[in-house]
Amino acid sequence: MRYDIRDINLAPYGHTKIEWVRNNMPLLNGLEEEFLKTKPLKGVKISLSIHLEAKTAYLCKVLAAGGAQMAATGSNNLSTQDDICAALVEDGISVFAYHGATEEEYNRHIEMCLEHKPNIIIDDGGDLVGLVHGARPDLAEEVWGGCEETTTGIIRLRAMERDGMLKFPMLAVNDADCKHLFDNRYGTGQSVWDSIMHNTNLIVAGKCVVVVGYGWCSRGIAMRAAALGARVIVTEIDPIKAMEAKMDGYDVMPMAKAAPLGDIFITATGCKHTITVEHMLTMKDRAILANAGHFNVEIDMAGLEEAAVSKKETRENITGYTLENGKMVNVIGEGKLANIAAGNGHPAEVMDLSFAVQAMSALYILEHHGELPNAVIDVSEEIDDIIARRRLAAWGIEIDKLTPEQEAYLNSWQL
């Protein structure tokens, strides 16, 4: 079987969504046009695990236009859109995913995607790479390398490299400037608030928002919260980032002090249990909790399930948990990525940048895999530069160039 999806008849709806994002992703448009002519990925097998929605579908189609044999699955069971899966299957791409899959089904889909025996892995959170290094090491021989686009995934990969376990090179797509400076900051910043506002139908102005962590995703979340009129509190473990948050105009304090003050809490750290049941017991009644990190462990959901006296759906995509003290906390999207498990994900223009980095990184692996060490490798400055210049050109923006005299001055130690 080349696919495992719910309903092929949903394909027309998926095609309509894909066409919408295609019209707003000029970088992928340009790559698709080039790939159709040159077929640089002809015969290359690619397995991809990213949130299966319209922007990802277009990336799959661009890679297929380059000649790649694609197999795709989702990186979150709640973010998978069944109409998108159907549209991809109708276009001849192998898809193994459907919305609301159980954990067992989700893991089966990950393995089915790898039965493709990929040469290149494109990952979001490290599920494909994790399985190859765990239960299916036999598949590693076929893999030339891969690309990882999340902070969480990079953390896992660096730990594998540190322990001498990484079996093939992985490009740190998340760390490319054209990815994290825009996707993490502007994409997460907008899409998380899109989800919170849509799902709660509550005003943000005048509320106290607690942002957990102050990496690039958190910066975007805090910036948008302040712009919406909220008081922002940041919790951090890194003294440098804590100073940045303070100088950006936010209050900074430990979670134990922030918990009783917040109306809305948003986690974005890549770490587990940044909000615990002990914190929740001190929160205001009906406080809202949302996670913007990859996995549903940043909020201690397992502890909350055990500690709750009762739970109920308080609104679509929101579960209210009543605690022993009688207070309720409302969790968006089961503590999974709120912006994609209970929303539409990042804007198309932002994902255009990220997915252009993915596509060009796949080409880089194809061209250099025999030379690359089994390590986490930075995306080249050349790739970042090409993408940035193409994006500026799509906006109709021109910038200055250094004169020969200026170049000589900058490259000299003499004044």
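**Loops, contacts and pockets**

Mentor: Start with Lys117, which sits in the loop between helix 5 (103-114) and strand 5 (120-123). Keep in mind that this is a predicted model.

Trainee: What is phi of Lys117 near?

Mentor: Phi of Lys117 is near 55°. That is a positive value in a residue other than glycine.

Trainee: Is Lys117 buried, partly exposed or exposed?

Mentor: Lys117 is partly exposed, at 44% relative accessible area. Asn317 also has a positive phi, near 75°.

Trainee: Where does Asn317 lie?

Mentor: Asn317 is in the loop between strand 13 (310-315) and strand 14 (318-322). Its relative accessible area is 32%, so Asn317 counts as partly exposed.

Trainee: Switching to charges. How many salt bridges does the structure hold?

Mentor: The count is 21 salt bridges. One of them joins Asp83 to Lys17, with the closest N and O atoms 2.9 Å apart.

Trainee: Which parts does the pair of Asp83 and Lys17 tie together?

Mentor: Asp83 is in helix 4 (residues 82-90) and Lys17 is in helix 1, so the bridge ties together parts 66 residues apart in sequence.

Trainee: Asp83, buried or exposed? And what about Lys17?

Mentor: Asp83 is buried, with 11% relative accessibility. Lys17 is partly exposed, at 34%.

Trainee: What about Arg22 and Glu19?

Mentor: Their side chains form a salt bridge, 3.4 Å from N to O. Both residues lie in helix 1, three residues apart, about one turn of the helix. Glu19 is partly exposed, at 38% relative accessibility.

Trainee: And how do Lys55 and Glu53 meet?

Mentor: In a salt bridge, 2.9 Å from N to O. Lys55 is buried, at 5% relative accessibility. Glu53 is buried as well, with a relative accessible area of 6%.

Trainee: Which residues are linked in a network of salt bridges?

Mentor: Glu111, Glu115, Arg136 and Asp138 are linked that way.

Trainee: On to rings. How many aromatic pairs does the structure hold?

Mentor: Two. Take Tyr214 and Tyr250.

Trainee: Why is the pair of Tyr214 and Tyr250 edge-to-face?

Mentor: Their planes are at 70°, so the pair is edge-to-face. The cut-off for that class is over 60 degrees. The ring centres are 6.1 Å apart.

Trainee: Where do Tyr214 and Tyr250 lie?

Mentor: Tyr214 is in the loop between strand 8 (208-212) and helix 9. Tyr250 is in the loop between helix 10 (239-247) and strand 10 (251-252). The pair therefore ties together parts 36 residues apart in sequence.

Trainee: Are Tyr214 and Tyr250 buried or exposed?

Mentor: Tyr214 is buried, with 2% relative accessible area. Tyr250 is buried too, at 9%.

Trainee: What lies over the face of Trp216?

Mentor: Arg219 does, at 4.4 Å from the ring centre.

Trainee: Now pockets. How much space lies in the largest pocket?

Mentor: About 1,000 Å³. The lining has 49 residues. Thr151, Cys217, Ala268, Thr269 and Gly270 lie nearest the centre.

Trainee: Which element gives the largest share of that lining?

Mentor: Helix 8, with five residues. By class, the lining of the largest pocket has 16 nonpolar, 21 polar and twelve charged residues.

Trainee: And the second largest pocket, how much space there?

Mentor: About 590 Å³. Its lining has 30 residues, with Gln81, Ala342, Gly343, Asn344 and Gly345 nearest the centre. Helix 8 gives the most to this lining, again five residues. The classes are nine nonpolar, 14 polar and seven charged.

Trainee: Last topic, cavities. How many of 30 Å³ or more?

Mentor: Two. The largest cavity holds about 50 Å³. Its lining includes Thr73, Phe96, Tyr106 and His109. By class, that lining has five nonpolar, six polar and no charged residues.

Trainee: What lines the second largest cavity?

Mentor: Leu27, Leu31, Ala356, Met360, Ile386, Ile387 and Arg390. The space is about 30 Å³. Helix 16 gives the most to the lining, with three residues. Six of the lining residues are nonpolar, none polar and one charged.

Methods:
Residues numbered from 1 in each chain as written. Predicted model: local features only at pLDDT ≥ 70, side-chain atom pairs only at ≥ 80, totals over all residues. Heavy atoms only, no water. 1 Å grid on protein atoms, 1.4 Å probe; cavity = no way out; pocket = protein on both sides within 12 Å on 5 of 7 lines; lining within 4 Å. Points joined across faces, edges and corners; volume = space filled by probe spheres on them. Helix = DSSP H or I, 4+ residues; strand = E, 2+ residues; numbered from the N terminus. Nonpolar A, V, L, I, M, F, W, Y, C, P; charged D, E, K, R; others polar. Phe/Tyr/Trp six-rings, centres within 6.5 Å; stacked < 30°, edge-to-face > 60°. Buried < 20%, exposed > 50% of the residue type's maximum accessible area, 1.4 Å probe, protein only. Lys NZ or Arg CZ within 6 Å of the ring centre and 35° of its normal. Salt bridge = Lys/Arg side-chain N within 4 Å of Asp/Glu carboxyl O.
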